[in-house]
Amino acid sequence: MTSSRLWRSLPWNGLGVLPFVLFAVLFLLLPTAHIVAGAFVDAAGGFTLKNIFNLFRPEIINAFWLSIRLSLTSAVIGCGIGFAIALAVVFGGLPRALRGVVMTFSGVTSNFAGVPLAFAYVATLGRVGFVTVLLRDWFGVNLYALGFNMISFWGLTAAYVFFQIPLMVLIITPAIDGLRREWREAAEVLGASNAQYWRLVALPVLAPSLLGTLALLFANAFGAVATAIALTGSLLSIAPILLFNQIRGDVLGDPHLGYALAFAMIVITGVSNGVYVVMRARAERWLK
Amino acid sequence: MAYLDLSALEKSYGANHVVKSFDLGIEQGEFVSLLGPSGCGKTTVLRMVAGFETPSAGAIRIGGQEVTHLRPNQRNIGMVFQAYALFPNLTVAQNVGFGLKIAGLPSREIALRVADMLELIGLPEMGSRYPFQLSGGQQQRVALARALAPRPRVLLLDEPLSALDAKIRVSLRAEIRDIQRKLGITTIFVTHDQEEALSMSDRVVVMNGGRAEQVGAPFEVYNQPKTRFVANFVGTLNALEAIVTDPGAGKVTIQGQPLRLPQAVQAQAGAVLTLALRPEAVHLHGDGDISLPARIAELQFMGSVIRVNAEHAMGVIKLDLFNKPDTPPPAVGEDIALRFWAKDLIALD
Amino acid sequence: MKRFWAWAAIGVAAVYFFLPLLGMLEFSLKMRRGEYSLDAYASVLGDPQFQASFGYSVIMAGLTIVFGVLIVVPTVFWVRLKLPRLRPVMEFVTLLPLVIPPIVIVFGYVRLFNTSSWLPLTGSALGTDFLLLCGYAVLSLPYMYRAVDTGLAAIDLRTLTEAAQSLGAGWITVLARVILPNVLVAVLSGAFLTFAIVIGEYVFAALLDRPAFGPYLVWAGGNKAYEPAALAVMTFALTWGCMALIQAVTRFSKHTRMPR
């Protein structure tokens, strides 16, 4: 009797999630924790902040700075163009079927990142690429003579924008759908012009969603490795490529610096994702 | 000409004729309800007055000025929507002051007017709250204040109570009417709830299929419905079949019992005529021009009123009895006599 | 006017998106000098390394889906039914793979499971395969969890479970016969998305040194001229196929789901 009661009082309910907890701890939390801890440990195993300080070397600072600029630029451009497309789809008075096409296409292209994207890009804007040849033969414009280079800041930005725009469309379209017709009508009947409605109501209402998605796009670009590697080899020194090379063969000459590098990346993507979560919560609270 | 004048309004979307030759004149300070089932065109009429829809034909005038083709933001109209439609990014005070800010009033004046409006709706402390922090009833009162703050010429209410709980709905009815009287603002109220329309309005417009079936004071519309639709839609109704014996004298028989209606009948002798009877006009005790034997089929105790379904030879009659604490209600299955007066019968065409 | 700008926006976007796709298609057909041909495709399909790496990735994707479903579905079910207070924690944990860059996670694997560690998974090929499988399951976790969670939110889990139990069903039966059919659409959506993610994945496979399709793609990109474009076209078609299947099952379910 007592033993069966004891048996029953054990937290059996917790047992149902044990496989998941085991999986998450072993293959997600523990590896990450190992990296974070490694960033604060020296070769002898003692606590130190030296690894973090060592990050402030020109080659690492430059890599992070390039990564941040690249991610921010591609996120801002992706946000702007994606927002325009979403607005056109929702308010543009376009055929209804077009909306489904745009959304499906966005779903595909936002997942069409990585290596194949780089190939498509080379085939288009490479030295013998489709557009390069088109411009040269039909319009007499030589892109490469004009200083264009795929393996450059703007070259890589253009490639990143390719998956940033559809991601923006996918995330922001539901938010724009959340703008209620009555808000526009209420503003109108109170004397507001279309511009005043957008400035005073619609854009402020969308602001958290826009800002949050910008943060998400930033993190999305910051962690991306494959496109850059396939496009540039290891020529362009951005933070994830630096880490990639470090993992392959300790190029920094200090194993613990790799941990610090990874830790810094987590901090940056963590902060931008935090912004996204906070902003999304705010937008949802409003749109209820 | 009336202050707000709608003349020969038409609206069609392609082949779909939503509003048909709609005429209505509303005096300054009057509270008029558009009552009808969904799809009857009442909301379309309201949206044409607001300027969200352009009439296919006809004219709208406010205070003698034709506004038919003015944009909504040039009409100086206040509107309250079914689902509050408060701007979620603005505080209560900013919402109420929105129209004033657009109009370019100095901020001191805006603050004063907003404070007045919040006082008027009984939420003086709520100015710095956000809409999502308010209950539905509070939000709708703020929406009313927002619509009234720029002192519009006309107030339009589009089913403002239908998203609210039953209790708040009833208390807000009185509050809206009270504020409307205090400000003396010309008001159109759209609803599908006949109780709301009857209890709040100076006049009710009963609409069906894009037309106004009847326009009149609540008492008139309820007691003297002009058409079968109005009689059916406004309040509960019993239908009785009568056979005309002498049309000129208004003489008919109901189940063989002779009866003289107060007015002449537009039918030939021998024709079957449908007469309508309100539940509250039927009695179980006392006198009447006629007495039909019946049996009680169902009783609904509703508090102050007991609704009875009584079966008689030709169908079921609903009647309302007042609850009297010292008299127990009749029992189901009991045989009774239904009595009523000829003057309470409404002849429907 | 508004419509003009809307069409303009869509038009510009269409050009931006179709040019690279058109570019890669055109390029992939140019292998034979002076005329369009499918030579690049033939060369790719005939490459034994392609066959091996593509086959490896397809198998890995399939295993990832099975593994992911086995981990996620019972957990979501159990949390919704018995431990609703854990839901915010679940939300947070399943969001982490989007927050932590994949390269950092795999870095953790390399260091945590190396040959001299307490769990030397990277010591053997089979162990590394398993590690890669877990990595892919982690990558797909946010999508799988959300798909299944939304799917389960749409049905009255408690009533269905209690109804099944009152008829004598055990937990396994409840999961397999009652819950899974009801969230099949959600699971399938998650599965196709997982497939699209895993098939061309590069960082995990490269750093764990497994012969997957992603590293093969990068190798081909560095060593061949026209084949990469052909590979990109094929990958794009594959991604498109996965998305089309997601749409198809979602639409199909709308017709078959009973009115509630």
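This is a predicted model: local features need pLDDT of at least 70, side-chain atom pairs count only at pLDDT 80 or more; totals for chains, interfaces and linings use all residues.
Chain A is built from helices, with 14 helices and zero strands assigned. Read from the N terminus, its elements accordingly run α-α-α-α-α-α-α-α-α-α-α-α-α-α. The radius of gyration of chain A is 24 Å, whereas a compact globule of 288 residues would have a value near 19 Å. Along the principal axes, the C-alpha atoms of chain A occupy a box of roughly 70 × 60 × 30 Å.

Two domains are assigned within chain A, with domain 1 covering residues 13–48 and domain 2 covering residues 58–287. A distance of 31 Å separates the C-alpha centres of domain 1 of chain A and domain 2 of chain A. Ten residues of domain 1 of chain A and six residues of domain 2 of chain A take part in the contact. About 630 Å² is buried between domain 1 of chain A and domain 2 of chain A, and 80% of this area lies on carbon and sulfur atoms. On the side of domain 1 of chain A that touches domain 2 of chain A, six residues are nonpolar, three are polar and one is charged. Zero salt bridges are counted between domain 1 of chain A and domain 2 of chain A, while two residue pairs, both at pLDDT 80 or more, are in polar contact between these domains.

The interface of chain A with chain C involves 69 residues of chain A and 76 residues of chain C. The area buried between chain A and chain C is about 6300 Å², with carbon and sulfur atoms giving 83% of it. No salt bridge is found between chain A and chain C, but six residue pairs are in polar contact, again counted at pLDDT 80 or more. By class, the side of chain A that touches chain C holds 51 nonpolar, 17 polar and one charged residue.

At the interface of chain B and chain A, 24 residues of chain B meet 20 residues of chain A. Chain B and chain A bury about 2100 Å² between them, 67% of which comes from carbon and sulfur atoms. Three residues, B:Pro88, B:Asn89 and B:Ile102, supply 25% of the area that chain B buries against chain A, more than any other three residues. Two salt bridges cross the interface of chain B and chain A. In a salt bridge between chain A and chain B, the side chains of A:Glu185 and B:Arg47 approach to 2.6 Å, N to O. Seven residue pairs at pLDDT 80 or more are in polar contact between chain B and chain A.

On the side of chain B that touches chain A, two or more residues are given by each of helix H1 (42–50), strand S6 (77–80), helix H3 (98–102) and helix H5 (136–148) of chain B. Of these elements, H3(B) gives the most to the side of chain B that touches chain A, with four residues. The side of chain B that touches chain A comprises 17 nonpolar, three polar and four charged residues.

Technical notes: Residues are numbered from 1 along each chain as its sequence is written. Chains are lettered from A and ligands numbered from 1 in the order in which they are written. Side-chain values use heavy atoms; hydrogens and water are left out. Domain bounds come from an automatic or database domain assignment. Contact means heavy atoms within 4.5 Å. Buried area is the accessible area (1.4 Å probe) that two parts lose on being put together, summed over both. A salt bridge is a side-chain nitrogen of Lys or Arg within 4 Å of a carboxyl oxygen of Asp or Glu. A polar contact is a pair of N or O atoms within 3.5 Å; within protein, one must be able to donate a hydrogen and the other to accept it, and residues adjacent in sequence count only if both atoms are side-chain atoms. Ala, Val, Leu, Ile, Met, Phe, Trp, Tyr, Cys and Pro count as nonpolar, Asp, Glu, Lys and Arg as charged, and the others, Gly among them, as polar. The radius of gyration is taken over C-alpha atoms; the globule rule is 2.2 Å times the number of residues to the power 0.38.
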